Amino acid sequence: GVVIVKCQDTGGDGRQRWVHVEVMGMCEQAGLTVVDIAVVVSATPPPTRWAVQRSLRKAHSYFIVARKGGFSPNGYRPVQRR
């Protein structure tokens, strides 16, 4: 099977949370192989309610594609036996 996850990194309390890295780690722990990642950039910056910006705004999100059984059979050999 194929899993497609949409996620976005977050920040708060002066700390960054790299959600896309965590999702890729969870996929590998579950026995899936991450085969692709797409970055989607929004056309407008995200709204904010704060007067002072303390970190970069996250104006992008990720689509992570993971596959059970390794890479696609169209040209790539799987990394594990099926």
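The largest pocket in this predicted model has a volume of about 600 Å³, meaning the space filled by probe spheres set on grid points joined across faces, edges and corners. A pocket here is an open set of points on a 1 Å grid over the protein atoms alone, where a 1.4 Å probe fits, with protein on both sides within 12 Å along at least five of seven lines. Lining residues have an atom within 4 Å of a point. There are 22 of them, and G11, G12, W50, S55 and L56 are the closest to the pocket's centre. Strand β2 (10–12) gives the largest share, three residues, and β3 (15–17) supplies at least two; strands are DSSP runs of E, at least two residues long, numbered from the N terminus.

Now for the loop between β4 (32–41) and β5 (60–68), where A43 sits. A43 has a relative accessible area of 83%, so it counts as exposed (over 50%, with a 1.4 Å probe and protein chains only). Its C-alpha atom is 9.4 Å from that of H60, 17 residues along the chain.

Over in β1 (residues 2–7) you'll find V2, which is exposed because its relative accessibility is 54%.

As for the ground rules, residues are numbered from 1 along each chain as its sequence is written, and side-chain values use heavy atoms, leaving out hydrogens and water. Local features need pLDDT of at least 70 and side-chain atom pairs count only at pLDDT 80 or more, while totals for chains, interfaces and linings use all residues.

Methods: Helix = DSSP H or I, 4+ residues; strand = E, 2+ residues; numbered from the N terminus. Buried < 20%, exposed > 50% of the residue type's maximum accessible area, 1.4 Å probe, protein only.
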